[in-house]
Amino acid sequence: NTNVGMATVTITGTGNYTGTKTQTFAIVSKAVSTLTIDPIANQNFTGAAITPTVVVKDGNTTLTLGTDYTVAYSNNTNAGTATVTITGMGNFLGTKSETFVIVRAASSLTIDPIANQTYTGSALTPAVVVKESGTTLTLGTDYSVAYSDNTIVGTATVTITGMGNYTGTKSTTFTIVAKAASSLTIDAITNQTYTGSALTPAVVVKDGS
């Protein structure tokens with residue numbers, strides 16, 4: 001009277017009754033839809049089918065693969081959302097599905113070279129083009145961007161951090177070059193009176209204002 005199938009109850013007479021009599025009743029399968037599947041952590045892309053371990057519970061009781069259920073996976077090779085489906089067996093009947101995400105390492109992506117940037121006095125944030133196998137990815141969906149050392153002349157760094165189907169980080173650099181002095185302005189210098197010595201009036205140089 002524990003597992004699915006026909007169970008038997010037997011009464012045994014006492015007092016004014018003697019002997020026995022039996023009756024049967026059926027124990028039917030429990031619906032798999034009432035079970036729970038523990039959340040499955042994100043899985044890293046490997047190029048091969050990903051088959052993470054599935055933990056299935058009936059209340060607080062952890063069930064046994066191959067005794068209580070079988071497992072099948074779909075869409076579980078490429079980055080994106082994969083599905084795992086359990087099918088009841090033994091004391092359980094029906095199916096239930098759960099999804100998990102396969103993420104790809106940002107280190108496998110490519111960042112197009114960034115052209116030299118001219119010093120402006122402000123932080124420079126040139127657009128970044130990130131690709132996977134020639135396909136351009138989307139900022140804010142597939143990755144975020146952060147810049148460092150990106151104000152003064154020298155080497156600046158841009159770092160992308162994977163989002164959605166991508167995880168981890170990847171960095172590249174770009175060069176901030178000096179601004180041409182010919183683009184600056186020098187305020188007019190008033191006439192200077194001869195003194196017999198070299199004259200060095202103050203000079204006011206401006207970049208814009």
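First, the ground rules. The model is predicted, so local features need pLDDT of at least 70 and side-chain atom pairs count only at pLDDT 80 or more, while totals for chains, interfaces and linings use all residues. Residues are numbered from 1 along each chain as its sequence is written, and side-chain values use heavy atoms, with hydrogens and water left out.

Now the chain. It has 21 strands and zero helices, where strands are DSSP runs of E with at least two residues and helices are runs of H or I with at least four, numbered from the N terminus. Along the principal axes, the C-alpha atoms fill a box of roughly 145 × 40 × 20 Å. Of the 209 residues, 22% are buried, meaning under 20% relative accessible area, with exposed over 50% and partly exposed in between, using a 1.4 Å probe and protein chains only.

On to N116. Where is N116 found? N116 sits in the loop between β12 (110–111) and β13 (117–118). Its relative accessible area is 52%, so N116 is exposed. Beyond its neighbours within four places in sequence, N116 is in contact with T175 and V177, contact being heavy atoms within 4.5 Å. I176 is 60 residues from N116 in sequence, yet their C-alpha atoms are 5.9 Å apart.
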